[in-house]
Amino acid sequence: MSYDAFIFDLDGTIIDSELIGLKTLQATLSEQGIDKSLDELRFSIGIPGLSTLEVLNVADIPTTLALWIRKQKPLMKEVPIFADMIEVIEQLPKTGIVTSQTGAELRCGFNLLKVDHHFQAIVCADDTERHKPNPEPLELGLKLLRCRADEAIYIGDSVYDLQCAQSAGVDFGLALWGAKTTDGFESADYIFETPRDILNLCSHEEHV
């Protein structure tokens, strides 16, 4: 099967940023006397920072969120892109991003990598009222790319990505290079071990 549109999560799928996010969150909380292990914070992967701090019952969420972003900013400027990812994306028909990062976070990190021009649509956390696993962000991505749900695939590394895709009626591909495990992803339509595996879903004419 081939798809007209390939929509990607960002953290842990395109860029190898998740450990940065977890460690800076851990350090931010520690300054407020909240000690959490990295494993205890892994639930935050795939949801907006605001939602994470709400789950953690942080007293001063705006200040904490600003501090967390400030700690991430110098590190995100040089965040690595997963190997072969851009080369693969260049060979796909329509491409988009649906991320839980806010627009401000994108400007501080991903946009500085100078690869955002490869995507015809980018939906961030502040573009919709509801967020993953709600289907609203992905539905906006489909609208911007002018394609139906059955013409697209969403590729991500978290259970929130999977749930978002299923709620939107979009096929889901697991980015195993980011997820590191297939546990909890038994209902995924595809398991991609490397970015190049995605090219198997393109017609022969679309890539070499």
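Q: Hi! Which residues are linked with K132 in a network of salt bridges?
A: Hello! D9 and D161 are; together with K132 they form a network of salt bridges. Keep in mind that this is a predicted model.

Q: Nice. What's the N to O distance for D161 and K132?
A: Their side chains meet at 2.8 Å, N to O, in a salt bridge.

Q: And where do D161 and K132 lie?
A: D161 belongs to helix 8 (residues 159-168), while K132 is in the loop between strand 3 (121-123) and helix 7 (136-145). The two are 29 residues apart in sequence, so the pair ties together separate parts.

Q: Are D161 and K132 buried or exposed?
A: Both D161 and K132 are buried.

Q: Switching topic: how many salt bridges does the count come to?
A: Eight salt bridges. One of them joins the side chains of E31 and K71, with 2.7 Å from N to O.

Q: Where do E31 and K71 sit in the chain?
A: E31 is in the loop between helix 1 (18-30) and helix 2 (38-41), and K71 is in helix 4 (residues 61-76). They are 40 residues apart, and the pair links distant parts of the chain.

Q: Why does E31 count as exposed?
A: Because its relative accessible area is 53%, and exposed means over 50%.

Q: What about K71, then?
A: K71 has 24% relative accessibility, so it counts as partly exposed.

Q: One more: which residue does D150 meet in a salt bridge?
A: That's R148, and the N to O distance between the side chains is 3.0 Å. D150 itself is partly exposed, at 47% relative accessibility.

Technical notes. Residues are numbered from 1 along each chain as its sequence is written. This is a predicted model: local features need pLDDT of at least 70, side-chain atom pairs count only at pLDDT 80 or more; totals for chains, interfaces and linings use all residues. Side-chain values use heavy atoms; hydrogens and water are left out. A salt bridge is a side-chain nitrogen of Lys or Arg within 4 Å of a carboxyl oxygen of Asp or Glu. Helices (H or I, at least four residues) and strands (E, at least two) are DSSP runs, numbered from the N terminus. Buried means under 20% relative accessible area, exposed over 50%, partly exposed in between (1.4 Å probe, protein chains only).
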